[in-house]
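Me: I would like to learn how to read contacts between aromatic rings. Please take me through them in the structure shown here.

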Amino acid sequence: MKTPSRLAASITSVAIALSACSPVLAQSIEGANDADDGEEAAEIIVSGEGLEPALSNIVYSAITLEREQITSSGSGRIEDVLRNVAGFQQFRRSDSRSANPSAQGVTLRALGGNATSRALVLLDGVPISDPFFGYIPLSSISPDGLERIRVTRGGGSGPFGAGALAGTIELESAGPDTLGLRSGAPFTGSALVNDRGGTEASGAIAQNLGSGFGVISGRWDRGPGFFTTPAGQRVPASARAAFDSWQIGIRGVAPLSSNVELQVRGSVFDDRRTLRFEGADSSSEGQDASLRVVSRGAWEVDALAYVQARNFSNIVISSTRFVRVLDQRNTPSTGLGGKIEVRPPIAEGHDLRIGTDYRRADGELQEEAYSAFTGALRERRRAGGTNSNLGFFLEDDWDIGPLVLTGGLRADYTRIDNGFFRAVDASNVLVSETVAPDRSDWAVSWRAGASYYATRRLDLRAAAYTGLRLPTLNELYRPFVVFPVVTQANAALENERLRGFEIGVNWQPVNEVVLSVTAFDNEVENAIANVTIAPNLRQRQNLPAIEAQGIEGAAAVQLGNVSFDASIAYTDAVIAGEGASLALDGNRPPQTPEISGSATLAWQPASGWRLAGTVRHVGAQFEDDQETAILPAATTLDLFAQIPIAGRFSVIARAENVFDEEVVTRNSGGAIDLGVPRTVWFGVRVGL
């Protein structure tokens with residue numbers, strides 16, 4: 001991992017990058033304090049949240065998941081909660097117990113690609129993707145610690161930063177009221193066990209700190225797992241997908257004045273898994289910290305700085321001789337950045353946002369390759385570099401009675417530096433070396449839209465946008481092998497650019513029913529994908545484009561104690577190929593289903609009760625760009641029950657994949673991996 005001195009230097013770099021905006025922040029805090037002069041001291045209550053969501057959110061295709069939905073999934077894992085939003089997609093169908101961590105990229109709108117995320121995932125405003133690989137550390141996120149999730153599909157980058165190519169997923173931590181702090185019940189938690197001996201425990205302790213509060217939370221999941229290999233393909237070396245992960249976080253919120261609060265967060269996580277074969281062990285770990293100042297005075301300000309230290313390791317076992325052939329023993333990386341957003345008071349009806357953000361990622365792969373026949377060392381490899389992005393944004397929402405107009409402009413300066421790949425043999429003789437030239441570029445993105453309240457029950461909306469994503473260090477410099485297929489890196493990859501538009505309607509025919517439909521057309525230029533260039537040989541390349549057109553629908557029904565929430569997406573996505581990629585022209589991008597959807601029926605007859613069932617369907621999709629290996633469609637049913645028994649204690653029962661549907665997650669030349677089989681959980685919950 002990075003040394004403390006390097007982390008300190010990283011934090012200093014963030015402070016320098018944001019210093020240009022510090023006078024505005026100081027003015028905001030001073031103004032807030034001045035406003036208090038001569039007034040009676042009032043009780044100060046801090047929220048621990050950011051600024052209110054922008055009015056422009058109503059223009060784009062957005063879904064908000066509330067706490068009841070977040071804490072009542074069949075698996076208790078954040079990726080299953082997000083799968084309730086049609087169009088949300090991981091690179092593979094596996095969850096964070098049985099997938100390689102580096103394959104946990106997420107995207108929206110079936111834009112496909114590789115294992116890197118095309119959607120920007122934020123936790124309390126902080127991007128949480130891995131600095132080297134771009135995957136999301138899903139196992140480090142406890143649903144019990146969240147208040148709500150807002151998913152915006154499409155919408156371009158806007159004020160959220162480069163990386164929001166396919167949309168933005170905003171995770172908001174639970175506040176003091178949810179954690180029971182202000183009701184005198186400062187502990188919440190749960191403990192469960194499943195029918196294979198797996199266990200799950202999570203909890204949070206909250207405490208008042210003067211006018212603020214502090215929270216210590218944690219989660220620990222472990223279990224022997226299940227066989228991802230079908231019974232007919234197992235060998236003596238086949239292993240269950242065992243997992244063991246934990247996370248501890250600390251969060252403090254304190255007022256600096258009546259309108260200004262300081263938010264501090266720290267988190268440590270560790271995740272270890274075994275995949276397919278004995279000895280095929282992977283690990284990911286991280287230490288994250290962030291500092292945020294939020295001013296809700298006349299000049300609203302949200303200032304944030306963060307640093308991430310991450311590492312990844314992985315051992316590859318030969319699928320023919322079942323011995324170690326690759327030891328990716330160390331991949332340390334550091335991510336740092338920050339953001340300042342200012343909302344000045346201007347003309348009535350206008351909500352103006354001005355700001356800047358910065359993100360820097362650096363890391364280095366360290367691995368050794370071994371002979372499958374002798375076990376002797378063959379090669380030592382190193383690869384890595386530095387990527388950075390400095391953005392400036394301006395966005396204005398204009399409220400004109402029944403009409404809301406929004407428009408924004410963003411300029412990004414991107415740099416790709418110090419890239420290299422070097423391989424030497426066991427005698428330290430150079431085998432191959434790539435020293436990538438440093439490069440930089442400016443890119444301008446924009447987005448605009450309108451929402452019109454046609455009637456009291458009918459809203460019409462339309463939007464157009466562009467977006468940007470840098471290639472990750474992994475895509476640029478790290479080759480990898482999933483035997484017998486070799487995938488080469490490509491240091492010449494260009495930035496991805498998105499162009500798109502959408503139109504939608506929200507209709508509330510009666511008070512108990514809300515319906516929405518969105519039609520969209522998105523195109524990712526220079527889309528990065530693993531392209532087949534020879535039998536068993538692929539390379540990461542920029543495709544001319546991935547084009548995706550589709551329709552998204554959602555329904556929410558509340559009839560007394562019964563609720564029904566459904567979401568469905570149909571997407572026609574194709575590769576636009578030319579030149580070397582002409583053979584792919586018209587093919588569907590790998591790992592992209594044509595249709596996906598979910599529906600949840602829940603009953604809450606009294607406080608603390610919840611009975612729910614969720615049906616999910618994912619359509620057939622191809623494993624590869626040649627459309628030779630298919631992953632069949634799958635439909636699953638999950639169940640959840642929470643029943644109070646005494647005081648703040650409840651019994652919890654959960655079931656995943658009730659009908660034991662066979663969910664194929666990988667198909668490489670007929671070698672199959674399967675998703676989670678039927679799994680039943682029982683346990684207790686306190687205070688939630």
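Me: Which residues do ring pairs link into a cluster?

Reply: A pair of aromatic rings is described by the distance of the centres and the angle of the planes. Rings of Phe, Tyr and Trp (its six-membered ring) pair if their centres lie within 6.5 Å; planes under 30 degrees apart are stacked, over 60 edge-to-face, the rest tilted. Here the cluster joined by such pairs consists of Phe132, Phe133, Tyr135 and Phe312. This is a predicted model, where local features need pLDDT of at least 70, side-chain atom pairs count only at pLDDT 80 or more, and totals for chains, interfaces and linings use all residues. Residues are numbered from 1 along each chain as its sequence is written, and side-chain values use heavy atoms, leaving out hydrogens and water.

Me: How many aromatic pairs does a search of the whole structure find?

Reply: The search finds six. In one of them, the centres of Phe133 and Tyr135 are 5.8 Å apart with planes at 45°, so this pair is tilted. Phe133 also pairs edge-to-face with Phe312, at 4.9 Å between centres and 70° between planes.

Me: Which parts does the pair of Phe133 and Phe312 tie together?

Reply: Strands (E, at least two residues) are DSSP runs, numbered from the N terminus. Phe133 is in the loop between strands E5 (126-127) and E6 (146-153), and Phe312 is in strand E14 (residues 300-317), so the pair ties together parts 179 residues apart in sequence.

Me: Is Phe133 buried or exposed?

Reply: Buried means under 20% relative accessible area, exposed over 50%, and partly exposed in between (1.4 Å probe, protein chains only). Phe133 is buried at 1%, Phe312 is buried at 2%, and Tyr135 is buried at 3%.

Technical notes:
Helices (H or I, at least four residues) and strands (E, at least two) are DSSP runs, numbered from the N terminus.
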